[in-house]
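Look over the sequence and the structure below before reading on. The report starts with one residue and then moves out to the chain.

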Amino acid sequence: GLLLEIGIERIAEHLRALHAPVLRWAERHGARVASPGGARGSGILCVEPPNVGGTFRNLKAARIVSSMREGAIRLSPHFYNTVEEMERVVEVLEDPTR
């Protein structure tokens with residue numbers, strides 16, 4: 001009911017906005033995006049940064065919920081997440097010393 005109340009298209013639009021900071025980061029750093037994109041893509045976002053293991057540990061230390069799947073970091077933001085939260089993910093991705 002809640003999903004229908006909010007609206008599937010509004011949620012999809014919000015998810016695209018949530019993904020944008022991480023996708024821009026991946027493009028700047030040549031990190032492979034391992035999840036399907038486009039209009040039919042899911043809310044799941046998987047990226048393969050250099051030093052994926054160390055980056056995953058940094059995200060965990062920063063208390064950012066993610067998981068490691070098939071050599072990629074899996075993020076699963078949804079309608080209750082904010083762009084600011086995803087920008088924080090990028091801050092951790094940008095700082096290899098964390």
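## The side chain of N81

In this predicted model, the side chain of N81 comes within 2.8 Å of the backbone nitrogen of H78.

Leaving aside residues up to four places away in sequence, N81 is in contact with H14, L18 and S76.

## Helix 2 against helix 4

Helix 2 covers residues 8-29, and it packs on helix 4 at an angle of about 20°, with the two axes 7 Å apart. Angles under 35 degrees count as roughly parallel, and the two helices are therefore roughly parallel to each other. The crossing of helix 2 past helix 4 is right-handed.

On the side of helix 2, the contact is made by A17, L18, P21, V22, W25, R28 and H29. Helix 4 contributes V83, M86, E87, V89, V90, L93 and E94. Sorted by type, the residues of this contact are 10 nonpolar, 1 polar and 3 charged. L18 of helix 2 belongs to this contact and also touches N81.

## The chain as a whole

How many helices and strands does the chain have? There are 4 helices and 4 strands. Their order along the sequence is α-α-β-β-α-β-β-α. The radius of gyration is 13 Å, close to the 13 Å given by the globule rule for 98 residues, so the chain is as compact as a globular protein of that length.

The C-alpha trace spans about 40 × 25 × 20 Å along its principal axes.

Note on methods:
Residues are numbered from 1 along each chain as its sequence is written. This is a predicted model: local features need pLDDT of at least 70, side-chain atom pairs count only at pLDDT 80 or more; totals for chains, interfaces and linings use all residues. Side-chain values use heavy atoms; hydrogens and water are left out. A polar contact is a pair of N or O atoms within 3.5 Å; within protein, one must be able to donate a hydrogen and the other to accept it, and residues adjacent in sequence count only if both atoms are side-chain atoms. Contact means heavy atoms within 4.5 Å. Axes are lines fitted to C-alpha atoms, for helices over the stretch in contact, and angles run from 0 to 180 degrees between N-to-C directions. Angles under 35 degrees count as roughly parallel, over 145 as roughly antiparallel, 65 to 115 as roughly perpendicular and the rest as oblique. A crossing is left-handed if the near helix is turned anticlockwise from the far one by less than a right angle, and right-handed if clockwise. Ala, Val, Leu, Ile, Met, Phe, Trp, Tyr, Cys and Pro count as nonpolar, Asp, Glu, Lys and Arg as charged, and the others, Gly among them, as polar. The radius of gyration is taken over C-alpha atoms; the globule rule is 2.2 Å times the number of residues to the power 0.38.
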